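Good morning, colleagues. I would ask you to bring up the structure, and I shall then go through its strands and one of its helices.

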Amino acid sequence: MSHATTPSRFTVLEAHTAAEQVAACEVQFAVYVGDGYVDAERAAANLKPETLANGGTQLIACRPDGAVVGAVLYLHEGSALQQVAVPGEREIRMLGVAREARGEGVGEALVRNCIDRARSDGATALVLWTRPTMEAAQRLYARLGFTRTTDRDMPDERGFTRMVYAYVC
């Protein structure tokens, strides 16, 4: 089954090659460290292609020249990387869009691809968590039909509340 999306300036596809996996992690590292969401040491420890590939499918948004401008990790059912999903749900982690591609619909295309995958997988919902300071992401999730599930929010050891969102499939 093909999950490719072809907007005018990028294509969403699975990161299959080692180079694609590395490029996805580089985008996520640049976003999460560059925007001040996580320190470089923590990001370097967690954003490793071999770790992420075992937990899920890295989806990437690529320019026609092959440059990766966005990535998201769609977790496998029962993945050790799950943090908020319960049985029957799918979870996404680490949505990141390169600064130069923001406002082009890259994040929306990646999340829509994940919604389609969750439906195809027969999931009851697609879930994720975000930080209170990630306001653009929260607007995107609301626009796409995700709802806040405050009863599932949880404290993070870094001093903020993980805000949980769910999309009912």
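I call a residue buried at under 20% relative accessible area, exposed at over 50%, and partly exposed in between, with a 1.4 Å probe and protein chains only. Helices (H or I, at least four residues) and strands (E, at least two) are DSSP runs, numbered from the N terminus. This is a predicted model, in which local features need pLDDT of at least 70 and side-chain atom pairs count only at pLDDT 80 or more, while totals for chains, interfaces and linings use all residues. Residues are numbered from 1 along each chain as its sequence is written, and side-chain values use heavy atoms, without hydrogens and water.

I begin with strand β3, residues 68-75. Because 8 of its 8 residues are buried, β3 is largely enclosed by the rest of the structure.

What does β3 pair with? Strands pair if DSSP finds at least two bridges between them. Strand β2, residues 56-62, runs antiparallel to β3 and is joined to it by 7 bridges; Gly56 stands opposite Leu75. Their hairpin has 5 residues between the strands, and there Gly66 has a positive phi near 95°. Strand β4, residues 89-97, is also antiparallel to β3, over 4 bridges, with Ile92 as the bridge partner of Tyr74.

I turn now to helix α1, residues 18-34. Its buried residues include Ala24, Val27 and Val31. The buried residues of α1 pack against α3 (49-55), β2, β3 and β4, where contact means heavy atoms within 4.5 Å. After α1 comes Gly36, with a positive phi near 80°.
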